[in-house]
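Q: Hey, I've just opened this one and I'm new to it. Can you walk me through what's there?

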Amino acid sequence: MSAVLSNTCQQTKESSKRNEIARRRWKILARALQRSSEGETNEDEDVSVRRFTSFHLFAMKLLPSYNNSTSSVASWSEYSVVVAREKYSIFIRHPFPNFTATELMGFNNTGNICIWPSEEVLAFYALCNLQQFAGKTILELGGGSTCLAGLFLAKYSSAFKIHLTDGNESAMKNVQYIVDRNFPQGNDRLVCSVLEWGSFWRLAVNQHIKPYDIILSADCLFFDEARNDLVETIWTVLSENGTAFVMAPQRGDTFDKFRQEAKARGFICSSKKHYSDHVWNRHLQVKQNCDYDENIHYPLLLILKKSMPAEIGDQFNL
Ligand SMILES: C[S@@+](CC[C@H](N)C(=O)[O-])C[C@H]1O[C@@H](n2cnc3c(N)ncnc32)[C@H](O)[C@@H]1O
């Protein structure tokens, strides 16, 4: 009898945990959907938007309909930026938010809403530091429906291999459309796939998957239920001398919790608030905006390493 009671109690606990997770996901999704339906204001250099959605590091030009069969479900834009007098640009597909009930109840959809400021900033940071990626194998985790940072690296760095991933299938379908349009001749250094942290790292431990030199991740630290899986995934697939660049806002205590878990796992962690003069200046500019909340909008850069040879520390100014 007591075994039955303790089983029931366990089931009730698990179901209320699941409800709590679902409740939080709905809240994030509802907020993001509300934001995207209110429009994102002008796309030029004006950063004082009504609701903060972007640091506007990239100029965004809406493109004419690309393929009639998809124009009712998505729009295309060109994202471009000039860094050290070089122009970098890429075509990005934005699916219109129109989730089926199955999608809403299925895998986390936060990456299908928009490009979050952390991804924008990570892409910009990568373009400012292209030489660090030369000859490297790169994995982007939780890249959402664009994997913007990894995609720019695929086009402009001389990385050896780039693997773009997210756990959400629709997000990765969109990334595949983007890859097909940006690399019409194909790109044999670039791979895209669905990668769900929890199942991946367990599999990777057993299969001894070849480690990556660099891991990228933007705004993926606030899922309490998946934080440990993300730490384990990075630990499992990062090479001994590799570096993970994790960009994310503080978002309450979620950044610190991730950092603590990463440290407990054995990572050498270094976080930076001021990693780019340009991003910092934008931050100071938008700070005047009442819709800008540093805690949830300003991305901090967390650098994770398993070991720290002196020259690497110097390279990244750690
Ligand atoms: C807030 S979005 C960030 C997306 C993108 N990096 C950006 O900043 O625009 C978080 C992303 O993490 C992905 N994600 C959440 N939990 C995951 C898991 N367990 N495995 C793989 N991806 C996950 C979601 O699908 C989503 O795309």
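Q: Let's start with Asn 168: does it count as buried or exposed?
A: Buried, since its relative accessibility is 4%. Keep in mind that this is a predicted model.

Q: And where is Asn 168 placed?
A: Asn 168 sits in the loop between strand 5 (161-166) and helix 5 (169-182).

Q: What does Asn 168 cap?
A: The N-terminal end of helix 5, where a side-chain oxygen of Asn 168 lies 2.9 Å from the backbone nitrogen of Ser 170. The Asn 168 side chain also reaches the backbone nitrogen of Ala 171, at 3.0 Å.

Q: OK, helix 5 then. How many residues does it have, and how far does it reach?
A: Helix 5 has 14 residues and reaches 20 Å from its first C-alpha to its last, close to the 20 Å expected at 1.5 Å a residue.

Q: Which residues of helix 5 are buried?
A: They are Ala 171, Met 172, Asn 174, Val 175, Ile 178, Val 179, Arg 181 and Asn 182.

Q: What covers those?
A: The cover for the buried residues of helix 5 includes strand 2, strand 3 (86-95), helix 4 (148-156), strand 5 and strand 6 (190-194).

Q: Strand 2 came up there. Where does Glu 78 have its place?
A: Glu 78 is in strand 2, which runs over residues 74-83. Glu 78 is buried, with a relative accessible area of 14%.

Q: Which side chain does the Glu 78 side chain make a polar contact with?
A: That of Ser 89, at 3.1 Å. Setting aside neighbours within four places in sequence, Glu 78 is in contact with Ala 59, Met 60, Lys 61, Leu 63, Ser 89, Ile 90 and Phe 91.

Q: Let's zoom out. How many helices and strands are in the protein chain?
A: The protein chain has 11 helices and 10 strands. It runs to 318 residues, and 50% of them count as buried.

Q: What about contacts between residues at least 6 apart in sequence: how many join residues at least 24 apart?
A: In the protein chain, 73% of those contacts do.

Q: Now the ligand. Which residues come nearest to it?
A: There are 23 residues around the ligand, and Trp 116, Glu 119, Gly 142, Asp 166 and Ala 218 come nearest. The shell divides into 11 nonpolar, 8 polar and 4 charged residues.

Q: How much of the ligand does the protein cover?
A: The protein covers 97% of the 590 Å² of accessible area that the ligand has on its own.

Q: What follows helix 6?
A: His 208, whose phi is positive, near 50 degrees.

Q: Then what about Ile 209: where does it lie?
A: Ile 209 lies in the loop between helix 6 and strand 7. With 27% relative accessibility, Ile 209 counts as partly exposed. Not counting residues up to four places away in sequence, Ile 209 touches Phe 200 and Ala 204.

Q: Last one: how far is Ala 226 from Trp 197?
A: Their C-alpha atoms are separated by 7.7 Å, although the two are 29 residues apart along the chain. Ala 226 is in the loop between strand 7 (212-218) and helix 7 (227-237), and Ala 226 is buried, at 15% relative accessible area.

Conventions. Residues are numbered from 1 along each chain as its sequence is written. This is a predicted model: local features need pLDDT of at least 70, side-chain atom pairs count only at pLDDT 80 or more; totals for chains, interfaces and linings use all residues. Side-chain values use heavy atoms; hydrogens and water are left out. A residue is near a molecule or strand if one of its heavy atoms lies within 4 Å of it. Accessible areas come from the Shrake-Rupley method with a 1.4 Å probe; for residues, only the protein chains shown count as cover. Ala, Val, Leu, Ile, Met, Phe, Trp, Tyr, Cys and Pro count as nonpolar, Asp, Glu, Lys and Arg as charged, and the others, Gly among them, as polar. Helices (H or I, at least four residues) and strands (E, at least two) are DSSP runs, numbered from the N terminus. Buried means under 20% relative accessible area, exposed over 50%, partly exposed in between (1.4 Å probe, protein chains only). Contact means heavy atoms within 4.5 Å. A polar contact is a pair of N or O atoms within 3.5 Å; within protein, one must be able to donate a hydrogen and the other to accept it, and residues adjacent in sequence count only if both atoms are side-chain atoms. The expected span of a helix is 1.5 Å times one less than its number of residues.
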